[in-house]
Amino acid sequence: MPVTPDEFRKVMGQFATGVTIVTTANSEGTPYGLTVSSFTSVSMDPLLVVICLDNQLSGLTAFKESGKFGVNILAEDQKDLSDHFARTGTDRSQGPYVTGKTGVPLLEGVLARMECEISTLYPGGDHLLVLGEVKRTEILHPEKKPLLYYRGAYRSL
Ligand SMILES: Cc1cc2nc3c(=O)[nH]c(=O)nc-3n(C[C@H](O)[C@H](O)[C@H](O)COP(=O)(O)OP(=O)(O)OC[C@H]3O[C@@H](n4cnc5c(N)ncnc54)[C@H](O)[C@@H]3O)c2cc1C
């Protein structure tokens, strides 16, 4: 019997992840962000990470045009920020944005963050795999615990 989408969703829910907000800007410089859990490291040489973005994402063109993105790793007290950047119809230009050294929008108050240059885009079914070369990293709040996502809900360590 083939695996159903519901079974797939349930089994993937057993895999705990961190929560990030991935940020970029459109051609007019307006920041855009969305909540992303499909973030992982890929390679040490060169330094590569990957994120998986829904093909229907309203900000997909901004990623492709700017050629760069930021990854902001959330702390356990940032559920509201995660919800803001996951909600349909939310104003994604609003948030605690700052500009990173490479010009990419980043968020203040997060646990850690990095700036990446898009290296390659790979089709992945209904998502797009975005491979990013890591250009800058910062740990802002090493004393804080990360926000986790497990079985469809936010969790703490
Ligand atoms: C814990 C967690 C983890 C997540 N991880 C991921 C992940 O890894 N990858 C991922 O892709 N998503 C992930 N999401 C979901 C993601 O955050 C949302 O899908 C995203 O914020 C939606 O962004 P959007 O800009 O498309 O939304 P909106 O701007 O609200 O748009 C919603 C839909 O409307 C369409 N739309 C928007 N504007 C227009 C317009 N003017 N005209 C016509 N259509 C329009 C868009 O194309 C889109 O399909 C996660 C969510 C949570 C809570």
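This is a predicted model: local features need pLDDT of at least 70, side-chain atom pairs count only at pLDDT 80 or more; totals for chains, interfaces and linings use all residues.

Reply: Two strands count as paired when DSSP finds at least two bridges between them.

S2 covers residues 20–25. Is this strand enclosed or open to the outside? Six of its six residues are buried, so S2 is largely enclosed by the rest of the structure. Buried here means that 20 or more other C-beta atoms lie within 10 Å of a residue's own. You can check this on both faces of the strand: Thr20, Val22 and Thr24 point one way, while Ile21, Thr23 and Ala25 point the other way, and all of them are buried.

Now for the neighbours of S2. Which strands does S2 pair with through six bridges and through four? The six bridges join S2 to S3, and these two strands run antiparallel. The four bridges join S2 to strand S6 (residues 68–73), again in the antiparallel sense.

Follow the chain out of S2 and you come to a hairpin. Five residues lie between S2 and S3, and in this hairpin Gly29 takes a positive phi near 85 degrees. S3 itself spans 31–36, and it is one of the strands that supply at least two residues of the shell around the ligand; strand S5 (47–54) is another. There are 18 residues around the ligand, and those that come nearest are Leu34, Ser38, Asp54, Ser58 and Ala86. By class, the shell holds nine nonpolar, eight polar and one charged residues. On the way to S5, have a look at the loop between strand S4 (39–44) and S5, where Pro46 is found. A cis peptide bond joins Asp45 and Pro46, with omega about 0 degrees.

S6 pairs with strand S9 (residues 112–124), antiparallel, over six bridges. Within that pairing, Phe69 has Cys116 as its bridge partner in S9. S9 then continues the theme: twelve bridges join S9 to strand S10 (residues 127–139), and the two run antiparallel. Pro123 stands opposite Leu128 in S10. S9 and S10 form a hairpin with two residues between them, and Gly125 in the turn has a positive phi of about 65 degrees.

Strand S1 (17–18) is an edge strand, as is strand S12 (153–155), each pairing on one side only. They belong to an open sheet of three strands in the order S1-S11-S12, with antiparallel pairing. S1 and strand S11 (residues 148–150) pair over two bridges, and Gly18 has Leu148 as its bridge partner in S11. In the loop between S11 and S12 sits Arg151. Is Arg151 buried or exposed? Arg151 is exposed, because it has 11 other C-beta atoms within 10 Å, and the cut-off for exposed is 12 or fewer. Arg151 also has a positive phi of about 50 degrees although it is not a glycine. Most residues other than glycine have a negative phi, and most peptide bonds are trans. Arg151 and Arg9 lie 142 residues apart in sequence, yet 9.2 Å apart in space, C-alpha to C-alpha.

Finally, zoom out to the whole chain, which has three helices and twelve strands. The radius of gyration is 15 Å, close to the 15 Å that the globule rule gives for 157 residues, so the chain is as compact as a globular protein of that length. Along its principal axes, the C-alpha trace spans about 50 × 40 × 35 Å. Buried residues make up 27% of the 157 residues, and those of S2 are among them. Among contacts with a separation of 6 or more, residues 24 or more positions apart account for 66%.

Key. Residues are numbered from 1 along each chain as its sequence is written. A residue is near a molecule or strand if its C-beta atom, placed from the backbone, lies within 6 Å of it. Ala, Val, Leu, Ile, Met, Phe, Trp, Tyr, Cys and Pro count as nonpolar, Asp, Glu, Lys and Arg as charged, and the others, Gly among them, as polar. The radius of gyration is taken over C-alpha atoms; the globule rule is 2.2 Å times the number of residues to the power 0.38. Two residues are in contact if their C-beta atoms, placed from the backbone, lie within 7 Å.
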